[in-house]
Amino acid sequence: SFFRHWFLFFSGSEMAGSSEEAYLKEAMVSELFEEMRGALLKERPQNPSTFLHSWLEKKESPFEGSAIFEPAPAPMRRLGSFLTAIHSHNQSLVRRCLLIGCGAVGMACAYSIIIEGIFDELIMNDMNKEKTEGEVMDLQHGIPFTKGIKVKAGSIAEGAGSDVVIITAGVAQKPGETRIALIQRNVAIFQKMIPEVVRHCPDALLLIVSNPVDILTYITWKISGFPPERVIGSGTVLDSARFQHYLAAKFHLAPHSINAHIVGEHGDTEVAAWSKVNVAGQSVYDPHDPDFEQIYTSTKRAAYEIIQRKGSTSYAIGLAVAYICKAILSNSSRILTVSRYHPKYDCALSMPTIVNASGAQELFEVQLTPEEDEKLEASARTLRTVLSEAGF
């Protein structure tokens, strides 16, 4: 249907002729489209419309004198206008990401995104402009070894039209500072930042990575006015990966072969969905085996253990964020334990959720045991209490 609409646009006619003729038309237009897309990505013009019109005027039409087009097609400039219209309706040929916050976590996200080649452009923003420029230069020098991506430092305004906005920005906790005081300082930053993001990236998906991620995901949702599926927190995606890692070590399997999820808060009240842990559909949980309790403890305390040894966590969350972005950009409908607003719990927390180009689109109603349900509700109560104390 896409190609049919395309043909009608620039030819002003129905696709007359046999199925073989229609196939030839489709092949010719498809080849032209790929060539045009390549020119756009190579030149990256400031004004795509002007560039396309100029490019098309210089190119010899492949349709001139073609007997399979009845009547003869209109000038190819109309095809350029069509592609420009696609661009302006957020179906951009250039996949753009705005990354706000270039500390250890932000840089791990940037590096993972570049290695995976998920976006065509990455705009990096941070209050420390000089350091950000240095980080960008360092990354740019490695681009020849990757799939190719345009990386630059810029303002939120320069990231206008981004498909995904990743937010890792936030203040660190001061010695002796309470959790609520820390949250209130981060809220002040988000109240200033999010409206600017919404103004310049009104169609973007917002991916919150800053901690406490569930609290800041809820606050971002409230401030932005976006529908809940378009405000996503990294949630327990990393916790679930850690859970898989420790279970895989016990059973001497690859982590990918373990189906296991951590739900609820990304933090001390997170819940292991033991009743749903399985390998090839077979339940493996034994409540009498002390190894399982140790696996849960190791999963929950993993960040503390890493921070004690190296000062912060970064690499794994960077990979997790890239994985979420890939699910969005590829529209693959992966099931991930991202955080988003749940009406049932009246807060943002993590549950298995379908993630695709529309965001955290559909929530799975996971049938947990009564004990797991009780722990999940306790986790939600903790989050609601913190939100209330923070004024939300």
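Trainee: Before that, what kind of model is it, and which pLDDT limits apply?

Mentor: It's a predicted model: local features need pLDDT of at least 70, side-chain atom pairs count only at pLDDT 80 or more, and totals for chains, interfaces and linings use all residues. Residues are numbered from 1 along each chain as its sequence is written, and side-chain values use heavy atoms, with hydrogens and water left out.

Trainee: Okay, cores. How many residues has the largest nonpolar core?

Mentor: It has 42 residues, and I100, V165, I167 and M193 have the most contacts inside it. The elements giving two or more residues to this core are β1 (96-100), β4 (164-167), α7 (179-200), β5 (205-208), α8, β13 (347-350) and α12 (370-389). The largest share, eight residues, comes from α7.

Trainee: And what makes something a core, or a helix, here?

Mentor: A nonpolar core is a set of buried Ala, Val, Leu, Ile, Met, Phe, Trp, Tyr and Cys residues joined through side-chain atoms within 4.5 Å. Buried means under 20% relative accessible area, exposed means over 50%, and partly exposed is in between (1.4 Å probe, protein chains only). Helices (H or I, at least four residues) and strands (E, at least two) are DSSP runs, numbered from the N terminus.

Trainee: What does M193 touch, leaving aside its neighbours within four places in sequence?

Mentor: M193 is in contact (heavy atoms within 4.5 Å) with I100, I156 and I167. Apart from that core lies another, of 37 residues, with L139, V164, A320 and C325 among them.

Trainee: Switching to rings. How many aromatic pairs are there?

Mentor: The count is eight. Rings of Phe, Tyr and Trp (its six-membered ring) pair if their centres lie within 6.5 Å; planes under 30 degrees apart count as stacked, over 60 as edge-to-face and the rest as tilted.

Trainee: Why is the pair Y218 and W221 edge-to-face?

Mentor: Because the planes of Y218 and W221 are at 65°, with the ring centres 5.6 Å apart. The two sit three residues apart in helix α8 (residues 213-224), so about one helical turn separates them. Both Y218 and W221 are buried. Y285 and F292 make an edge-to-face pair too, at 5.3 Å centre to centre and 80° between the planes.

Trainee: Y285 and F292: buried or partly exposed?

Mentor: One of each: Y285 is partly exposed at 31% relative accessible area, while F292 is buried at 3%. Y285 and F292 belong to one aromatic cluster with F243, F251 and W274.

Trainee: Which ring does K250 lie over?

Mentor: K250 lies over the face of F251, 5.7 Å from the ring centre. The rule is NZ of Lys or CZ of Arg within 6 Å of the ring centre and within 35 degrees of the ring normal. The charged end of R334 sits over the ring of Y323, 4.5 Å from its centre.

Trainee: And which salt-bridge network is K250 in?

Mentor: K250 is linked with D289 and D291. A salt bridge is a side-chain nitrogen of Lys or Arg within 4 Å of a carboxyl oxygen of Asp or Glu, and the count comes to ten. K250 meets D289 at 3.0 Å, N to O. That pair links helix α9 (residues 237-251), where K250 sits, to D289 in the loop between β10 (282-283) and α10 (290-310), 39 residues apart. The bridge from D291 to K250 is 2.9 Å, N to O, and joins α10 to α9 across 41 residues. K250 is partly exposed at 24%, as is D291 at 40%.

Trainee: Last one: where is L363?

Mentor: L363 is in strand β15 (residues 359-363). At 27% relative accessibility, L363 counts as partly exposed. Leaving aside neighbours within four places in sequence, L363 contacts R340, H342, P352 and T353.
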